[in-house]
Amino acid sequence: MCESYSRSLLRVSVAQICQALGWDSVQVTACDLLTDVLHRYLQQLCRGAHRYSELYGRTDPVLDDVGQAFKLMGVNLHELEDYIHNIEPVTFPHQIPSFPVSKNNVLQFPPPGSKDVEDRKEYIPDYLPLIISSQEEQLNSSAESPQLVRFSMQRLCVS
């Protein structure tokens, strides 16, 4: 899924580059070929930037690493800068959602305001299960007499 999504975004980018260079149309096979070339070029550039960042003891690349990767690939940065200044910028035609899409958290963290959060000791990590279950909280809050609570707890233990 993510491969096809990123490939479709690259394809739109290739079409925009071709349009910015003055092309009126492009065949599908030529567009696919240029998309593959751009994909491999970006992979090589990113690998080079990643290697330079690791060489200098960083986990994330910075612009200096990208510049070094361009030099490694034989790209003259002054010519690239001249090209960028001479061509008109083209905005992307679609709004791109955040990628990858964040998912709902299904971990068993205690909900805020629960009795367990208030009574939990500092040395007990948050990722451990609740000491007081939500069923017990509901029974304790709805019960009026201690006998009813004991009876409800016995029923929970039996079932």
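In which helix is leucine 34 found? Leucine 34 sits in helix α2, where helices (H or I, at least four residues) are DSSP runs numbered from the N terminus. The model is a predicted one, in which local features need pLDDT of at least 70 and side-chain atom pairs count only at pLDDT 80 or more, while totals for chains, interfaces and linings use all residues. Residues are numbered from 1 along each chain as its sequence is written, and side-chain values use heavy atoms, with hydrogens and water left out.

Leucine 34 is partly exposed, with a relative accessible area of 31%; here buried means under 20% relative accessible area, exposed over 50%, and partly exposed in between (1.4 Å probe, protein chains only). Apart from its neighbours within four places in sequence, leucine 34 is in contact with Val14, Cys18 and Trp23, contact meaning heavy atoms within 4.5 Å. From cysteine 18, leucine 34 is 16 residues away in sequence and 9.7 Å away in space, C-alpha to C-alpha.

Attention can now turn to the pairing of helices. Two packed helices are described by the angle between their axes and the distance between the axes. For helix α1 (residues 2–20) and α2, the axes come within 9 Å and cross at roughly 110°. This makes α1 roughly perpendicular to α2. Axes are lines fitted to C-alpha atoms, for helices over the stretch in contact, and angles run from 0 to 180 degrees between N-to-C directions; those of 65 to 115 degrees count as roughly perpendicular, under 35 as roughly parallel, over 145 as roughly antiparallel and the rest as oblique. On the α1 side the contact is made by Glu3, Arg7, Leu10, Arg11, Val14 and Cys18, and the residues from α2 include Val28, Cys31, Leu34, Leu38 and Leu42. By class, the residues of this contact divide into eight nonpolar, two polar and five charged (Ala, Val, Leu, Ile, Met, Phe, Trp, Tyr, Cys and Pro count as nonpolar, Asp, Glu, Lys and Arg as charged, and the others, Gly among them, as polar).

Three salt bridges are found in a search of the whole structure, each being a side-chain nitrogen of Lys or Arg within 4 Å of a carboxyl oxygen of Asp or Glu. One of them joins aspartate 36 to arginine 7, with the closest N and O atoms 2.8 Å apart. Because aspartate 36 lies in helix α2 and arginine 7 in helix α1, the pair ties together parts that are 29 residues apart in sequence. Aspartate 36 is partly exposed at 32%, as is arginine 7 at 31%. Another salt bridge is formed by arginine 11 and aspartate 32, whose closest N and O atoms are 3.4 Å apart. This pair links distant parts of the chain, with arginine 11 in helix α1 and aspartate 32 in helix α2, 21 residues apart.

Aspartate 65 forms a salt bridge with arginine 58, and their closest N and O atoms are 2.5 Å apart. Aspartate 65 is buried, at 0% relative accessibility, whereas arginine 58 is partly exposed at 29%. Both partners also touch serine 53, whose contacts beyond four places in sequence are Arg58, Asp60, Pro61 and Asp65. Serine 53 belongs to helix α2 (residues 28–55) and is buried, with a relative accessible area of 0%. Its side chain reaches the backbone oxygen of histidine 50 at 2.7 Å.

Key
Helices (H or I, at least four residues) and strands (E, at least two) are DSSP runs, numbered from the N terminus. A polar contact is a pair of N or O atoms within 3.5 Å; within protein, one must be able to donate a hydrogen and the other to accept it, and residues adjacent in sequence count only if both atoms are side-chain atoms.
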